[in-house]
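Dear colleague,

Please find below the structure that I am handing over to you. My notes on what was found in it follow directly after.

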Amino acid sequence: MSDTLALLLAYDGAAFRGWQKQPGMQTVQGALEDSLRVLIGKRPTVHGASRTDAGVHASGQVASFRSGREPDLDRLQLPEAMRLVRWARAGPSFHARSSSIGKRYRYELRRFVPGAADWERARAAIEGLRGLPHLSGLSSPARDPKPAPPLEAWSLGDDGVLEVRAHAFRKHEIRNLAGHLGAVALGLAAPESLRELAARTRPWMGARAPADGLTLLEVLYPPELDPFR
């Protein structure tokens, strides 16, 4: 008999080459599995809710793994750039990635948008995405052929902080969105051009914002499955 354990994690993405473990590279998944091996005596397979890119931060990443005994996770020693916010025993059917029904991200556009910016123009651009059945044109080429679903909620303040929520996001989608919003805010692209690009079926052809402005804020689950409720 094994338990499913859920971990709520925060990390500084600058210290890692993304989430997914890769030989010879410091990744979030790899470092987490190494730390768990020291604690429980064997290396578990850890599943993450989001495969964040190299340089992307998290304050609400969720990971899950199965263990034959419940380890004392309060004693888990993680790298300095990673922190265990909370942990909980989850239901047997819980899976950090496949059980998710949504994610919320923040992008700080001031990381790459210099000087004066017209955020009202940028808000008009993202408002133009309403009504689109998918946002396939915002995704970079990837193995996953599924189109990006529409945004469920968004906000963009005069401080240049963008927050978005959706059922799922595809490769580089938020960084591509932020890159074009920055161009619109600086007057380098028309607000209506974002809708035209997003509605295309071919991959993204525009600007991509740097990874270090992006943070995974929250992973959403159905109430009956959410281990942190």
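I begin with a polar contact: a polar atom of the side chain of arginine 170 lies 3.2 Å from the backbone oxygen of lysine 146. Please keep in mind that this is a predicted model. Arginine 170 itself sits in the loop between β7 (161–166) and α3 (173–185). Leaving aside residues up to four places away in sequence, arginine 170 touches Ser139, Asp144, Lys146, Pro147, Ala148 and Pro149.

On one side is β7, which pairs with strand β6 (residues 151–156) in the antiparallel sense over 5 bridges. Within this pairing, alanine 153 has arginine 165 of β7 as its bridge partner. β6 and β7 form a hairpin, and 4 residues lie between them. In the turn, glycine 160 has a positive phi of about 80°.

The crossing in which α2 passes α3 is right-handed. From α2, the contact is made by Trp119, Arg121, Ala122, Ala125 and Ile126; from α3, Leu177, Leu181, Val184 and Ala185 take part. Of the residues in this contact of α2 with α3, 8 are nonpolar, 1 is charged and none is polar.

Yours sincerely

Key. Residues are numbered from 1 along each chain as its sequence is written. This is a predicted model: local features need pLDDT of at least 70, side-chain atom pairs count only at pLDDT 80 or more; totals for chains, interfaces and linings use all residues. Side-chain values use heavy atoms; hydrogens and water are left out. Helices (H or I, at least four residues) and strands (E, at least two) are DSSP runs, numbered from the N terminus. A polar contact is a pair of N or O atoms within 3.5 Å; within protein, one must be able to donate a hydrogen and the other to accept it, and residues adjacent in sequence count only if both atoms are side-chain atoms. Contact means heavy atoms within 4.5 Å. A crossing is left-handed if the near helix is turned anticlockwise from the far one by less than a right angle, and right-handed if clockwise. Ala, Val, Leu, Ile, Met, Phe, Trp, Tyr, Cys and Pro count as nonpolar, Asp, Glu, Lys and Arg as charged, and the others, Gly among them, as polar. Two strands pair if DSSP finds at least two bridges between them.
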